[in-house]
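Here is a short walk through a protein structure for someone meeting it for the first time. Have a look at the sequence and the fold, then read on.

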Amino acid sequence: AYKMTEKGIPQNFTPYFTAEKIAFGISGEKMLRSIAVEGEGTFYITVTSNRGTRTVRGTANEALKLRSPLRGNGFAVKIGVEPASALQARFCAVLFRFTEEDE
């Protein structure tokens, strides 16, 4: 864990977190519908599967709905902090809302 200070942040630096190969179960495709970040600040979240990429923006503790659901068996996620809230942002959990496809 790191604590960022104004002195330690390079100009134009945007903190981010990435995770790859996230799977929710072993069978069937999922349809990811929304994402929420618990914490403080304003974020952008990019989610990628073998079927495409979606990006949403918003504040912590609100469900950020994808314009169209993203299908996939596994997902990669990048959570970035919007520059205006870089010094105050933090997150402690990421919540995914999805449905499972019937086969």
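Glu 82 counts as buried, at 17% relative accessibility (buried means under 20% relative accessible area, exposed over 50%, partly exposed in between, with a 1.4 Å probe and protein chains only). Arg 57 lies in strand 4 and Glu 82 in the loop between strand 6 and strand 7, so the pair ties together parts 25 residues apart in sequence (strands are DSSP E runs of at least two residues, numbered from the N terminus).

This is a predicted model: local features need pLDDT of at least 70, side-chain atom pairs count only at pLDDT 80 or more, and totals for chains, interfaces and linings use all residues. Residues are numbered from 1 along each chain as its sequence is written, and side-chain values use heavy atoms, leaving out hydrogens and water.

In one of them, Arg 51 meets Glu 29, with the closest N and O atoms 2.9 Å apart. Glu 29 is buried too, at 16% relative accessibility.

Glu 40 also pairs up with Arg 90, at 3.5 Å between the closest N and O atoms. Glu 40 is partly exposed at 41%, and Arg 90 is partly exposed at 44%.

## Around Val 47

Leu 32, Ile 45 and Val 47 touch the most other members of the largest nonpolar core, which has 15 residues (a set of buried Ala, Val, Leu, Ile, Met, Phe, Trp, Tyr and Cys residues joined through side-chain atoms within 4.5 Å). Strand 6 gives the most to this core, with four residues.

Definitions and conventions
Salt bridge = Lys/Arg side-chain N within 4 Å of Asp/Glu carboxyl O.
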